Amino acid sequence: MFLSYLKIAWKVLLRRKFFTFISLFGISFTLMMLVVLYALFDDAVGPARPELRADRLLFINRMILRGPQSQSASSVGYDFLNRYVRTLRTPEKVAVSERGSVNITLYVGEQVVKVDRCYTDGNYWAVLDFDFVAGRPYNLAEVRDAARVLVLNETVARRSFGSAAAAVGQRVQLEGQPYQVLGVVRDVPTSRELTYAECWLPVTTTTADLRDPGFMGDYQAIVLARRTADVPAIQAEYQQVLARLPIPDPGQYQEIKSYARTLLAHYMASHNNAAGQDGDAASFWRQWVGLGLLFMLLPAINLVNINVSRTLERAAEIGVRKAFGATGGMLIRQFLLENVLLTLLGGLLGLGLAALVLHLLNESHFIPYAHLGVNGRVFGVGLLLALLFGLLSGVYPAYKMSKLPANQALKGGIAL
Amino acid sequence: MIRHLFTLMWNRRRANALLVVEIFLAFVVLFAVGTIGTNLWANYRQPLGFDYAQVWQLNFTTGAQPRTEQFGTQRQLMAELRANPQVAGAALTAGNTPFSFNDSQTRLDFVEPHDSTRRPSGPINTYYIGPELRAVMNLELVAGRWFGPADAVQGAHVPVVIDERLQRAMYPDGRSALNGLLAGNNEPSRRVIGVVRAYRTDGELQEPLPSMFEAILPNDTTFLAQSVLLRVKPGSGAALEKQLTDDVRRIGPGWTGTIRTLTDMHTVQMKMRLTKPLLLGSMSVFLLLNVALGLFGVLWLNISRRRGELGVRRAMGATAGGISRQVLGEILVLTTFGLALGLLVAVQFPLLGVQNVRPDIYFTAMLLAAGALYLLATVCALYPSRLAAGIQPAVALREE
Amino acid sequence: MTNLFTSATDSFQSQPATAPATGAGRAVLQLTGIEKVYQTRTIETVALNHVNLTINQGEFVSVMGPSGCGKSTLLSIMGLLDEPTSGTLELDGRPVQSYSDKELARLRNHKIGFVFQSYHLINDLSVLDNVELPLLYRSGVGGRQRRQRAYAALEKVGLGARTGHFPSQLSGGQRQRVAIARALAGEPEIILADEPTGNLDSVMGEEIMDLLLTLNREQGTTIVMVTHDEQQALKTQRLIRFFDGSQVS
């Protein structure tokens with residue numbers, strides 16, 4: 001029975017090529033858009049290298065001092081992180097790195113290479129999961145001794161030395177000093193806002209004053225929890241530490257606000273000083289889910305519209321089926337199946353299109369170093385959306401179809 | 001005939017409800033995109049106020065050097081920069097340079113000159129800059145004067161130069177703001193000495209804010225500006241860049257400098273600011289394509305279903321052109337229904353002032369959206385209407 | 001009753017109800033050597049084969065013949081809905097070949113009223129709106145006038161009380177009467193009826209037939225009716241039989 005349903009559905013799709021095309025177009029492009037959007041989202045906040053263990057990572061990168069008249073907000077001072085975050089008891093490890101990258105100039109022989117630089121400590125490489133293509137990261141001892149060593153990303157290494165392997169051990173000039181290339185990592189896309197850089201250096205080689213006791217500065221802490229379940233405990237511990245701290249410049253400020261946020265929460269807070277610990281995720285989701293639904297609604301209505309029109313066109317067929325004893329339920333099943341088949345087909349097409357668009361996006365280098373792709377998560381979401389879409393756009397026409405009285409359907413059958 | 005079409009479409013409202021809803025949603029999408037687009041365009045058309053083609057930005061960090069010594073080093077650095085034959089001009093500035101995504105905003109009170117009443121301002125972009133900025137950025141002075149040596153002497157008021165937008169905010173009636181006063185809390189008030197066209201460091205696409213300049217005086221030792229805007233001679237490149245950053249390291253103990261060209265920063269900013277609108281735009285183009293195909297499909301199916309009716313109309317004396325016009329007219333009437341619903345929603349935005357967008361932008365967007373929808377509907381109906389006109393009445397009437 | 005019919009009709013009030021089959025009265029429709037050939041890729045079908053026929057003003061002519069003998073094609077050609085392959089058709093003494101689509105539409109609108117077997121009412125329009133249809137396509141008729149004339153036509157067919165109904169709310173006989181009112185509203189010289197009782201039971205069919213006969217007798221409207229019903233055909237003044245595209249009597 002099911003197979004014959006399937007056969008009929010297939011034949012119907014082939015018979016009305018133009019309408020099958022319109023439907024497929026609508027479904028596949030809608031899903032393509034949604035999958036591409038999700039892939040962009042996933043690329044920024046999903047668990048991927050170097051934040052492979054995103055569920056166990058917390059980021060402390062914003063410090064807000066608030067008073068009745070004024071408010072200051074900035075990244076966090078190195079000294080503050082050293083003193084109050086490294087000493088947290090719950091985390092497994094704490095890394096400190098420069099918040100945001102700074103564009104600098106490397107001199108490789110006569111060649112001038114502009115790179116985005118990030119100062120880090122030695123824990124950085126243990127907390128995050130960089131993919132080393134060649135060489136190794138700098139270790140704790142090298143950071144302690146302010147060794148002039150650095151890690152490059154693959155593209156810069158290749159541009160400067162021809163290949164990743166060739167780069168290891170080579171010397172470059174930076175700010176008038178010779179540095180040695182220790183390792184080469186796979187490119188980190190700029191959408192990985194908190195870990196992106198092209199060149200990583202031991203924080204101790206900076207000329208900036210790391211002992212500046214100000215709470216504000218240019219650094220962030222990346223905290224690795226032992227287990228995902230420890231995340232709230234770490235957040236709570238950090239708040240306790242903050243609560244005990246004396247407020248700098250109490251004449252001007254009355255409150256210190258800073259949070260240990262997950263990657264997602266950081267992304268959603270997006271520099272909004274008023275956002276709470278979870279980055280006000282609820283309103284973010286409300287907005288985006290609402291927008292997403294609206295975005296799906298239009299093609300869905302379109303599909304319903306076409307389906308209803310086709311239903312009426314096929315009134316004669318329905319009449320015959322009813323006359324030969326098909327029940328309303330059977331007809332609904334038949335048409336739903338037809339629709340789900342259509343949407344699944346459109347879904348697959350949409351995933352293919354999405355893969356193409358993502359590939360083109362990667363190639364265009366619109367997002368530098370992006371390696372967007374349709375991974376398992378994205379694929380699953382896409383397929384789920386396709387099914388939802390099929391049901392959404394199929395139920396009403398199917399219902400309408402099944403309610404068409406047999407005699408009227410037969411009489412109203414239309415030639416052509 | 002129009003009445004007839006409205007009657008017909010009204011009587012078919014149940015059958016056409018989904019189509020109307022679709023048109024309504026399409027209008028909402030078009031309205032949203034139109035608002036964003038019109039807003040960007042309106043912003044883009046405002047004068048930028050400066051010229052950035054040959055301008056570089058040098059940022060320096062001062063390392064562990066004690067604060068008291070920093071000012072001397074800075075003066076020395078500026079002198080060396082200006083002495084460089086490749087540098088046409090150099091001006092100190094706070095971090096809120098063009099296209100840097102940094103901003104610094106203050107709220108001040110406008111003081112009415114005759115009765116000294118105070119009126120609070122909105123946020124004002126505030127720039128602490130060296131007096132050389134005007135020459136470096138080619139700012140256009142429209143009234144009064146720019147900072148001069150006389151301003152180095154501390155007076156009762158802090159001299160400031162403002163832009164035309166702030167002048168309009170202070171005096172909406174179009175009076176000149178020269179010598180006008182801007183008062184703050186617990187700080188000396190500012191007196192306007194000059195008006196420039198604009199200085200939109202947030203970029204062309206951002207809603208312009210009123211701006212105000214305060215000069216960094218040579219003897220100022222409270223605020224250390226760590227950015228320099230440099231006008232370089234044409235043809236300057238990596239060599240000059242290396243030379244300048246080397247200068248920074250040589251002059252300042254522990255100092256480092258980084259250089260970016262404003263052209264690069266502009267590109268980066270444009271890309272950032274355009275990503276979302278472009279994404280939205282392409283999504284809505286696709287949505288409209290979808291709607292267009294759907295509309296076309298439904299119309300086409302309707303024509304084959306309505307052959308009898310159209311045949312009768314021909315028999316009653318309608319010409320082929322009349323039938324074609326009718327089909328077109330019908331879809332335009334439906335579009336009008338959808339539009340009416342959409343306008344009900346859209347008009348809430350300027351009425352309630354939901355977003356911080358000027359009402360005229362909303363109305364332009366409504367007009368654009370409505371026009372685009374009518375155009376879309378017309379294009380979709382062209383082929384079906386020709387199809388309808390080509391129906392042979394004799395054949396259509398015989399089918400049953 | 002309002003003065004619905006114009007002077008053209010008045011001049012035929014004096015016509016005897018039982019006019020001779022041919023000859024007397026002015027020729028409204030003159031078909032000479034009409035031929036209609038349907039061409040498909042493989043075969044040619046001759047629907048009408050050299051038909052010569054004259055319909056005089058005030059006549060009630062019925063056309064009979066088996067299915068597919070070309071009756072409907074003949075009616076379409078008479079109604080200017082279809083063009084003959086060859087031959088000439090004169091309407092009111094003027095040949096209508098080489099008329100443009102616009103002119104033909106005007107002639108249909110002013111001179112001809114149609115009644116179909118399946119009524120062909122527009123389901124989404126009320127009875128009154130349906131009846132107004134021919135006047136809608138006539139320039140110079142205002143909304144008020146349209147409404148009045150449509151009312152009058154509905155009165156004439158006995159449906160003055162159903163103007164606000166929709167076709168789906170009416171019985172078959174009532175629908176056909178609406179269709180006749182629609183044909184009358186334009187005050188045509190000729191009504192072309194294609195099996196007007198074909199979808200109706202005998203009682204309703206009888207009613208429709210009586211209505212048409214009354215119209216012909218009292219208003220002098222020329223009627224050409226295709227029918228399968230011998231009884232009805234015999235009630236008309238002239239009976240034309242068709243077989244395989246040719247007139248046989």
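These questions and answers go through a predicted model, from its chain contacts down to one residue.

Visitor: What makes C:Leu200 count as buried?
Guide: A residue is called buried if 20 or more other C-beta atoms lie within 10 Å of its own. C:Leu200 has 21 other C-beta atoms within 10 Å, so C:Leu200 is buried.

Visitor: Where is C:Leu200 found?
Guide: C:Leu200 sits in the loop between β7 (190-194) and α7 (202-219) of chain C.

Visitor: Which residues is C:Leu200 in contact with, leaving aside its neighbours within four places in sequence?
Guide: They are C:Gly172, C:Gly173, C:Gln176, C:Gly205 and C:Ile208. Contact requires C-beta atoms, placed from the backbone, to lie within 7 Å. For C:Gln176, the C-alpha to C-alpha distance from C:Leu200 is 8.9 Å, and the two are 24 residues apart in sequence.

Visitor: Why are β1 and β2 of chain C called a pair?
Guide: Two strands pair if at least two bridges are found between them. Strand β1 (residues 27-39) of chain C is joined to β2(C) by 9 bridges, so the two strands pair. They run antiparallel.

Visitor: What is the order of the strands in the open sheet of chain C?
Guide: The order is β2-β1-β4-β5 (chain C), 4 strands with antiparallel pairing.

Visitor: What makes β2 and β5 of chain C edge strands?
Guide: Each of them, β2 (44-56) and β5 (94-95) of chain C, pairs on one side only.

Visitor: Which two chains have the most contacts?
Guide: Of the 2 pairs of chains that touch, chains A and B have the most contacts. That contact takes 33 residues from chain B and 33 residues from chain A. On the chain B side, α2 (13-45), α6 (238-251), β13 (256-261) and α7 (262-305) each supply at least two residues. The largest share, 13 residues, comes from α7(B). By class, this side of chain B has 15 nonpolar, 11 polar and 7 charged residues.

Visitor: How many residues are in contact between chain B and chain C?
Guide: Here 22 residues of chain B are in contact with 24 residues of chain C. Two or more residues of the chain B side come from each of α1 (2-11), α8 (307-315), α9 (320-346) and α12 (393-398) of chain B. The largest share is that of α8(B), with 5 residues. The side of chain B that touches chain C divides into 10 nonpolar, 7 polar and 5 charged residues.

Visitor: How far apart are the nearest C-alpha atoms of chain A and chain C?
Guide: They are 11 Å apart, and chain A and chain C do not touch.

Visitor: Which domains are assigned in chain A?
Guide: Chain A has domain 1 (2-46 + 283-411) and domain 2 (63-258). Their C-alpha centres lie 46 Å apart. In the contact between them, 7 residues of domain 1 of chain A meet 6 residues of domain 2 of chain A. The domain 1 side has 5 nonpolar, 1 polar and 1 charged residues.

Visitor: What feature does UniProt place at residues 23-245 of chain B?
Guide: The unreviewed UniProt entry gives "domain: MacB-like periplasmic core". In this model the end C-alpha atoms of residues 23-245 of chain B lie 59 Å apart, and the span is 27% helix and 26% strand.

Terms used: Residues are numbered from 1 along each chain as its sequence is written. Chains are lettered from A and ligands numbered from 1 in the order in which they are written. This is a predicted model: local features need pLDDT of at least 70, side-chain atom pairs count only at pLDDT 80 or more; totals for chains, interfaces and linings use all residues. Ala, Val, Leu, Ile, Met, Phe, Trp, Tyr, Cys and Pro count as nonpolar, Asp, Glu, Lys and Arg as charged, and the others, Gly among them, as polar. UniProt positions are given in the numbering used here, feature names are shortened, and annotations may be inferred rather than shown by experiment. Domain bounds come from an automatic or database domain assignment. A residue is buried if 20 or more other C-beta atoms lie within 10 Å of its own, exposed if 12 or fewer, and partly exposed in between; C-beta atoms are placed from the backbone.
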